[in-house]
Structures are given as structure tokens and as C-alpha cells.
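Subject: A structure to look through

Dear colleague,

I am passing on the structure we spoke about, and below it you will find my notes on what turned up. Please keep the structure open while you read.

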Amino acid sequence: MIRKKAVATVEFYPFMAYIPVSDAIAVGVLVDDLSVISPTADKAYDAQVDDKVYKLWYNRSLDAINIQPKNYFDDSEKSSKVGIRRSGTGFSYYFENKPVSGIPANFDNIVLEAAKLVRKTKKLFDKGDSFDPESLKLIFEYMRDKSITSDAPLKVKIPGEKTSYCLWTKKVSQGTSSDPRGHVTEDVKYYLNAQDQKNFDACVQECKLGLEVDDEGRVVSVVTDGKPTAAEEIDAVLFDSEGVWNKRLTSIERQILEDKGFKAPAKPAAGSVLLVHLLTLQKIPEVILSKWAALKTKPTRVNFMDDKFEAGPGIDAGGLTKQFYSDLGRALFDGKPSRSLRVDESGCPFAANPDKLNAPLVKNIGQFLTHVYEKELTIGRSLPDKFFALLKAAAAGGIPSAAPAPAAGGKRKRGPGAEA
């Protein structure tokens, strides 16, 4: 029986032919990319293909990705939900949570076009911890939810600049519209603005960034210093890590994440819940490690915040706690330029600046690895024998010039996080 949906919305039918993905390499990269930028359904990625928006997200327990039209995703339905799971050297497929032989035939191009969009976002993410589209969505959702306007803007101090920056949102009504069923909705435009305190107080346009964003936090247009930015230059203005506004927005995002993205219970005890935003683990892991290390009693449960910095759905039965330690460990040892620790070719961490070794960070990492080991958790990446030899030597008061060779025929006991 055919679903009673308009064909124009690209629906899928039970009798439709299923085919394997036409570009297995691109889909494999898509799985890897989504595991980083959209690791859960709560952080689903929005991909607009033609005139329709799709939600994509990663399923860690299955090493799989899900793709679904946004309207069904928002309604928590399984309709038109496609799953692609890595299986050995190939893929297995699911449609509406049931095993099938491939993806719907008319869905292959949608997957590949979405993969291109995700790859572009992942490349921005790989540049470091700078402001990116996910950052924009976070700031917009938070400020819209809190109704932060120009009457009482959010003020953020940016390192290296003499003045604070003001952030505020503006909602402009465009009238109302009704659907065929007679449901009336208000049509609105949203604006996100940032400006230095001095020019904000003077009510002038200098040093001001204005963004028109849609309901999902995507950029529609950009105005800088009162002048419209050409569409082809928007990415350079906002997301070029060397751009002045990207550096300012990166500092603003970091401050918001530090202030709002980690909430420990006032009196940690058995059953207490730690609230943390996933972006804090990706972008400021050393700050989060410091906050975690300062807790005398470690919370036994974790919940991830939504973009309003409120507790997300779900109850931690152990999986969210494992993800917290795994994601934090992965970020601490990812070797990005902004980290105090880099990683050599063998995967062994080393100090980015040995002359200015961050002693508190080293102490916190030791506490972190000890906790992970004692609780039989993992840290999301493998660390070589040499690293554990260095830890042992450091505890004994000396640093060896090379890691000792393992005994012939013997196996090294796995240290904390030795399994990915």
C-alpha cells in the first residue's frame, strides 16, 4: 500500500528497487566525517539537497549513519529513514529500521550530495577550533532561546582587544501564512549581531557584523560595517580561520562554552549527573579536563546538553559516560595546533612547547588516565608503548631516551585507553 504523500517531497515506496551505494569510498568518508561532527542524533547535521533538508547522524554502537528527511526526523518518525552500516569491507543497509539489500534507488544521489556538504564542514572542523557552521548554530540557538536583544546584549571580553563585544538577536515579523489545512504561522526573519562595545554605545555601524539566519541557524546573508557581503564571500568572512571576524567569533564561542557548557552537581554523589555540551569536548578539551579534575568526587553519570545548554534527552545507563571519556580523550590527544600536546608519527603525545610545560595539565592528564584505567573505560584512541614507558619513568623520576622493547613472545598489558 502506497503512502499518501506527495511525490514532490521525494518519498520512498516499499516496492522501490534497492541498490548498493554507487561510490563506496565517498560513503566511507561520510561515515568517518559524521562520527566527528554529528556523533549523535541530538547533533544531527542539516544537509540541503535541491529544495529539501535531510538530517544525517552517526550511530557509534553500530558504526553506522542514518539519513532522513527533516520533517520525519522532527516528528520522531521512522518513515523514509535510511541506515548505512559499515560491515567488514562493505556496507549493510536498513530502511525504516528493517534490513534491506541497499538504499532506495532514487536516494543514491542524495547521499552523495549530502556527503559533499558534510566533507566541506569537516574540513572546516579540521582546521582547528575556529568558528564554524556548528558554532554559529550553537550561538544562535542559545541567544534566541534566551531572547537576548539589544536592550540587554550578551557582553564578551575578547583576548587581545581593549573592548568587550556585544551580541544580540533581532526578530522581525514578516506577517503570517497558512497551510492547506488552515494552520496559521508567523513568518519571521532572525538576525544575529556582534559589535564592539564602543561603537555599540555610539550607535554607529563600525566594527559591526550582522547575520540574517534561518530558523535552523544557517546563514542567509551577511552585513559587515553596514555593507552587504557578496554571497560568494560569506564563507571567507565567517569561516576563514585567518579572518578577523572568525577570530573574534572563535573567542566569543569559547567564552560561551566555558561559561555555559559544563555544569557539575553542587554536591557530587552517587547518581549525580554531570552536564556537558559535546562542542566543549571538541573545542576546549583542556579547559573541560581542568574543570573535571577539580571535582573531588567524580559524577557517576553524564548527560549531554542541547544547544540551549539544557539537559538533553536520555538517561545515562553507562553509554553516555563512556562517550564522555572517549570523546574527551580523543580530543586531548588529537594533536591540533591549539593543543598543549602534539602527537608524533607513532601516536605518542609530546609537549608542544617543552620550555613552557603546562604542569597542571600534565597532572590533570595523569588523574584522567588513572580514573579511566580504574573504571575500565577507554579514551577513544590508541597510545603506543612508548607513551606508557614515559609515564612510568616520569613517576620514577626520570625520562628514558627510548621506550624499552617488549619481552620476546610476551604481550604488553594494555594501559588505559589502549583500545580505540
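How many strands form the open sheet, and in which order? Before the answer, please keep in mind that this is a predicted model. The open sheet is built from six strands in the order 2-3-4-5-6-7, and their pairing is antiparallel. Strand 2 (45–49) and strand 7 (98–100) are the edge strands, each of them pairing on one side only. On average, and with direction ignored, neighbouring strands of this sheet are turned by 30° against each other. As background, strands of a sheet pair through backbone hydrogen bonds, and they may do so in a parallel or an antiparallel way.

Helix 1 (residues 24–37) lies across strand 2, strand 3, strand 4 (64–69), strand 5 (82–87) and strand 6 (90–95), and its direction is at about 75° to strand 3.

The loop between helix 1 and strand 2 holds Thr-40. Is this residue buried or exposed? Thr-40 counts as buried because its relative accessibility is 16%, and buried means under 20%. Leaving aside residues up to four places away in sequence, Thr-40 touches Trp-57, Tyr-58, Leu-278 and Gln-323.

Gln-323 is one of the buried residues of helix 10, to which I turn next. Helix 10 has 14 residues and reaches 20 Å from its first C-alpha to its last, close to the 20 Å expected at 1.5 Å a residue. Helix 10 is mostly covered, since 10 of its 14 residues are buried, and these buried residues pack against strand 16 (273–276), helix 8 (278–283), helix 9 (285–293), strand 17 (301–304), strand 18 (341–343) and helix 11.

Tyr-325, Leu-328, Gly-329 and Leu-332 in helix 10 meet Phe-368, His-371 and Val-372 in helix 11. Sorted by class, this contact of helix 10 with helix 11 has five nonpolar residues, two polar ones and no charged ones.

With best wishes

Technical notes: Residues numbered from 1 in each chain as written. Predicted model: local features only at pLDDT ≥ 70, side-chain atom pairs only at ≥ 80, totals over all residues. Heavy atoms only, no water. Contact = heavy atoms within 4.5 Å. Helix = DSSP H or I, 4+ residues; strand = E, 2+ residues; numbered from the N terminus. Nonpolar A, V, L, I, M, F, W, Y, C, P; charged D, E, K, R; others polar. Pairing = 2+ DSSP bridges. Axes fitted to C-alpha atoms, helices over the stretch in contact; angles between N-to-C directions. Buried < 20%, exposed > 50% of the residue type's maximum accessible area, 1.4 Å probe, protein only. Expected span 1.5 Å × (residues − 1).
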